[in-house]
Amino acid sequence: MTIVDLVRVLRRNLLMIVVGALLGLLVAGTYMLTRPTVYTAQATGVVVAGNSLSVGDTITANSVTVQRAAMYSQLASTGQVASRSAKILQDQGLSGVSGGASAQPGATAPFIIVTATSSTAKNAQALANATLMGVKSEALRLETFGKTQGKPMSDEELEKLTDIHVLAYRPAGLPAAPSKPNLIRNLVLGALLGAVLAGAVSVARRALDGKVRTQQDVETLTGKSTLATVPDAKSLQRTGKPTVVGGAAGEALRQLRTNLRFVSVDEPPRSIVVTSPTPGDGKSTVAAHLARLMAVAGDSVVLIDCDLRLPTQGDQFGIDGSVGLTQVIAGDLTVGEVLVDSGVPGLQLLPAGRTPPNPSELLGSRSMRALVDELSKDHVVILDAPPALAVTDAALVGSLADGVIIVSRMGTTHKAQLEQCAKLLAQARTTLLGVVLNRASLKKMGDVMYGYGYGYGTYGNHEKYHQYYGQDDAIDESVPDETEETRRGRRGGSTKAGAR
């Protein structure tokens, strides 16, 4: 997956990423509600040494005090200082103050910065000041230990025995607001983490997606191009009425008809098998509408229902399909006796006929080959074959025809199914003309053609596209090969320049 593909996937799943960010925000907010409130206070002390009467004394004193500040800062976390600060707090009537304290020395100056945390602002302030006083008392004890030999003495007495002192330079103030939890930071981190996780999930879904969704998938799996991408439309599902579908679906089917003419310019296919990897992909619907469109364009077309196990073309055109192909192959009837007028000028239907016990043998017989060859002399023959992965019928019929079209349902057909279907047809030495991506979402038509992130809905053009084509409109079959523009003129409408 390239950087461009990654951007397209993320843009396509923008809603999912936004939802992930909101969930992360919610989790972060819930987490903070369970965390205790913490206040932080700081008290600053300074280490001073002796009387500096000369420049040399001043330099020496500064070096000593910086070293002492670093050493004394370590005392803040000792038990001795904790005991002293607890006694100081007890004397102030604040016994039982909970919290923690630490100290850091100044970088270049002899400062001791004591930081204390507690559950209330008052306790944090008192603990910081008490800890600084505890450091001061412990520092005096250490500085005078050689002179007192550990003899207990008051701080006032000890101060007279040393020239190095810790002074309370800036007592701790009362914190105005809690320092933890950091509301803004945690909410931002939660939202960011949620968005990243949602983005990772969307990328993983795209990388692990095993279904056919784009034209690139078709070309990679079959080595053939996509002849048409047919959007999902209610008008495609109508049966019993010989109407050529209009709208976006009609334009896609016209593209299929046009592309078939250019598959082989010198010798265009006269007999075409329409099959699919699995049932439910819409191959019978595509075959029926392709036959209608070719007839409307002026071709003489015969549509043969070769799905002897589950015939549907009779229902597609609203005719009785109990007499047809099987009787012709068996020699009971001639083809002229069973051809049925479909209701579309130029289109005749050869129904499946009675269901035989041996469909594969009939479809692979010499009689079937002779029938296809005879009809294709004067007609374009469209053969609706069973799904290729379910039975071998499609491969047998495909070997008798000039070419095969595979109908794959977008988002439903698995990549492995399409690839296996193409391999089975190739093993039967059929000519694969291309693939039709069927029942694509109109919103995701751009995704199907160009990859993730190019859907019409992404740029707000979906409604214009939908309105322009008038998806569920039917086309008047009395006008040969009527286009959207002529249909608009028939209705008294107008076509705006640049509407496409």
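Which side chain does K283 meet in a salt bridge? Some notes on this predicted model follow.

1. The partner is D307, with N and O 3.0 Å apart. This pair links distant parts of the chain: K283 belongs to helix 11, while D307 is in the loop between strand 8 (301–305) and helix 12 (313–317), 24 residues apart. K283 is buried at 6% relative accessible area, and D307 is buried too, at 5%.

2. Have a look at R309 and D393 as well, whose side chains form a salt bridge at 3.0 Å, N to O. R309 sits in the loop between strand 8 and helix 12 and D393 in helix 17 (residues 393–398), so the bridge ties together parts 84 residues apart in sequence. R309 is partly exposed at 39%, whereas D393 is buried at 0%.

3. For a local case, take E374 and K377, with their closest N and O atoms 3.7 Å apart. They are three residues apart in helix 16 (residues 366–378), about one helical turn. E374 is partly exposed (45%) and K377 is exposed (60%).

4. The structure has eleven salt bridges, and R84, E138 and R141 are joined in a network of them.

5. Now the helix packing. Helix 10 (residues 247–263) meets helix 11 (residues 283–296) at about 70 degrees, the axes being 10 Å apart, so the two are roughly perpendicular. Helix 10 contributes G250, L253, R254, L256, R257 and L260, and helix 11 contributes V286, H289, L290, L293 and M294. That contact comprises seven nonpolar, two polar and two charged residues.

6. Helix 10 passes a length check: its 17 residues should span 24 Å at 1.5 Å a residue, and the end C-alpha atoms are 25 Å apart, which agrees. Its buried residues include G247, A248 and E251.

Definitions and conventions
Residues are numbered from 1 along each chain as its sequence is written. This is a predicted model: local features need pLDDT of at least 70, side-chain atom pairs count only at pLDDT 80 or more; totals for chains, interfaces and linings use all residues. Side-chain values use heavy atoms; hydrogens and water are left out. Axes are lines fitted to C-alpha atoms, for helices over the stretch in contact, and angles run from 0 to 180 degrees between N-to-C directions. Helices (H or I, at least four residues) and strands (E, at least two) are DSSP runs, numbered from the N terminus. Angles under 35 degrees count as roughly parallel, over 145 as roughly antiparallel, 65 to 115 as roughly perpendicular and the rest as oblique. Contact means heavy atoms within 4.5 Å. Ala, Val, Leu, Ile, Met, Phe, Trp, Tyr, Cys and Pro count as nonpolar, Asp, Glu, Lys and Arg as charged, and the others, Gly among them, as polar. The expected span of a helix is 1.5 Å times one less than its number of residues. Buried means under 20% relative accessible area, exposed over 50%, partly exposed in between (1.4 Å probe, protein chains only). A salt bridge is a side-chain nitrogen of Lys or Arg within 4 Å of a carboxyl oxygen of Asp or Glu.
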